[in-house]
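Me: I have a structure to look at and I'm new to it. Can you walk me through it?
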Amino acid sequence: MTSYVENETSMTFAFDVKEILDLIMEEVLTQEGCPYEAQVNLLITDNQGIHEFNSLYRQVDAPTDVLSFPMIDFVKEADFSVVESGEADYFDPESGELVLGDIILSAEKVNEQAIKFGHSPKREFAFLTAHSMLHLCGYDHMTQKDAAVMEEKQENVLRKLGITRDNE
């Protein structure tokens, strides 16, 4: 399992971003039964940076908290068998790892939402990372039913790792 983190801001957190990303990544992939070693890229930006990405890729003229760019065309959530027929498209030729995709996260939104929701920036970062990892595994929240599934999975990951509001 490999993760790459780039922080294009001057903002830092009081926790190790890569460590939390790796914990979340490992737990989500275990929970979803991913049979491959995998890799994820995380870009930490500010509200202006994520606003630009949101405008460009989603045609939404506003900042958001996190964006996910899955590399796998899942037919069914977390059905990793889809990658077997497209090895050249889905696997890093150097490492052999499954390339899940990219996450772009606004450090400003992490801090703003931590205050708004009454928990730590670490918990908010972990929540957004778990949310994005589920998107990279093919989940979405376009319907209430799908949103409920994602919310339950996110909470299960955070609870398993002990990153909950109760543990702050």
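Me: In what order do the strands of the open sheet come?
Reply: The order is β1-β2-β4-β3, with 4 strands and mixed pairing. Strands (E, at least two residues) and helices (H or I, at least four) are DSSP runs numbered from the N terminus, and two strands pair if DSSP finds at least two bridges between them. This is a predicted model, where local features need pLDDT of at least 70, side-chain atom pairs count only at pLDDT 80 or more, and totals for chains, interfaces and linings use all residues. Residues are numbered from 1 along each chain as its sequence is written, and side-chain values use heavy atoms, leaving out hydrogens and water.

Me: Which strands are at the edges?
Reply: β1 (2-7) and β3 (66-70), each pairing on one side only.

Me: And how many bridges join β1 and β2?
Reply: There are 6, in the parallel sense, with β2 covering residues 38-45. E6 stands opposite L43 in β2.

Me: Switching to rings. How many aromatic pairs are there?
Reply: The structure holds 7. Rings of Phe, Tyr and Trp (its six-membered ring) pair if their centres lie within 6.5 Å; planes under 30 degrees apart are stacked, over 60 edge-to-face, the rest tilted.

Me: Why is the pair of F13 and F125 called tilted?
Reply: Because their planes are at 50°, with the centres 6.0 Å apart. F13 is in the loop between β1 and α1 (17-31) and F125 in helix α5 (residues 121-136), 112 residues apart.

Me: Is F125 buried or exposed?
Reply: F125 is buried, at a relative accessible area of 0%. Buried means under 20%, exposed over 50%, partly exposed in between (1.4 Å probe, protein chains only).
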